[in-house]
Amino acid sequence: MNLHAIRAIYRFEMARTFRTLLQSLVSPVLTTSLYFVVFGGAIGSRVGDIDGVSYAAFIIPGLVMLSLLTESISNASFAIYLPKWTGTIYELLSAPVSYVEVLIGYVGAAATKSVMLATLILVTARLFVDYSIEHPVWMLFFLILTAVTFSLFGFIIGIWAENFEKLQVIPMMIVTPLTFLGGSFYSISMLPPTFQTLTLFNPVVYLVSGFRWSFYGVSDVNPAICIGVICAFLALCIAVVAWIFRTGYRIKP
């Protein structure tokens, strides 16, 4: 294992984050703060408690997950697409660095950025609402597992995309709508029976439910099933990445 190569890629990507702090960290935190003000403050006072949790506190895991998914995908996809666009990826592929080391460097940096952002959002949320974390170890586990999984997914999107427009198609047209419809702002038990059944086909439901359980001990889905779904998607992403590197799909002329 070439630790020097992993460290070089990781440090380069992290340095790019700190050069663009306004876009990478400040902007997502401010956007999420607006959600707390609008949904938690204005609407929360009218909604009341959900499963014994105040509405303002209930939406915190969903808002964190919304930012975590979008930023994990965005960070990883842009990180690998930029070398493709500039042509420097061929220098990386010709270097004595294995595909596994490239993957660890890029995905590790993207996941680190996402976890940092989620932590900042949780700290900011404390300014607006009082919340508790009943299972902090499981919360951290869900946080890291989700960040790594969707950073891998973003890496795949970055390889697949042929232009900057395609980088935004899946996050904006698929992931964000699924997150809003995945119980981020409500419990699926509040839906009619037919819609409850349909919602269970939304994979984001399992991410939000598992993460919310780690906070308040309440969940729309069994936490064990949530972990199983995330791990299954992680395995699928690993298989796709392995196929990409084995075949050279869109990374070799």
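In this predicted model, the largest nonpolar core has 73 residues, and I60 and F155 touch the most other members of it. Helix α7 gives the most to this core, with twelve residues.

What does I60 touch, once its neighbours within four places in sequence are left aside? Its contacts are F36, L122, A125, V129, Y131, F215 and Y216. I60 also belongs to helix α4, which covers residues 60-86. This helix has 27 residues and spans 39 Å from its first C-alpha to its last, close to the 39 Å expected at 1.5 Å a residue. Because 22 of the 27 residues of α4 are buried, the helix is largely enclosed by the rest of the structure. Just after α4 comes G87, with a positive phi of about 90°.

Now to the rings. A search of the whole structure finds 17 aromatic pairs. A pair of aromatic rings is described by the distance of the centres and the angle of the planes. Two of the pairs involve F155, and the table sets them out.

| Pair | Distance between centres | Angle between planes | Kind |
|---|---|---|---|
| Y106 and F155 | 6.4 Å | 45° | tilted |
| F155 and F245 | 6.0 Å | 50° | tilted |

Both pairs link helices. Y106 lies in helix α6 (residues 99-128) and F155 in helix α7 (residues 136-160), so their pair ties together parts that are 49 residues apart in sequence. With F245 in helix α11 (residues 223-247) and F155 in α7, the second pair ties together parts that are 90 residues apart in sequence.

The cut-off for buried is under 20% relative accessible area, so F155 counts as buried at 1% relative accessibility. F245 has 8% relative accessibility and therefore counts as buried too.

Other aromatic residues gather as well: F78, Y81, W85 and F164 form one aromatic cluster.

Finally, which charged residues sit over rings? R126 lies over the face of Y131, at 4.1 Å from the ring centre. Y131 is also one of the contacts of I60. The charged end of R212 sits over the ring of F58, 3.8 Å from its centre.

Notes:
Residues numbered from 1 in each chain as written. Predicted model: local features only at pLDDT ≥ 70, side-chain atom pairs only at ≥ 80, totals over all residues. Heavy atoms only, no water. Phe/Tyr/Trp six-rings, centres within 6.5 Å; stacked < 30°, edge-to-face > 60°. Helix = DSSP H or I, 4+ residues; strand = E, 2+ residues; numbered from the N terminus. Buried < 20%, exposed > 50% of the residue type's maximum accessible area, 1.4 Å probe, protein only. Lys NZ or Arg CZ within 6 Å of the ring centre and 35° of its normal. Core = buried A, V, L, I, M, F, W, Y, C linked by side-chain atoms within 4.5 Å. Contact = heavy atoms within 4.5 Å. Expected span 1.5 Å × (residues − 1).
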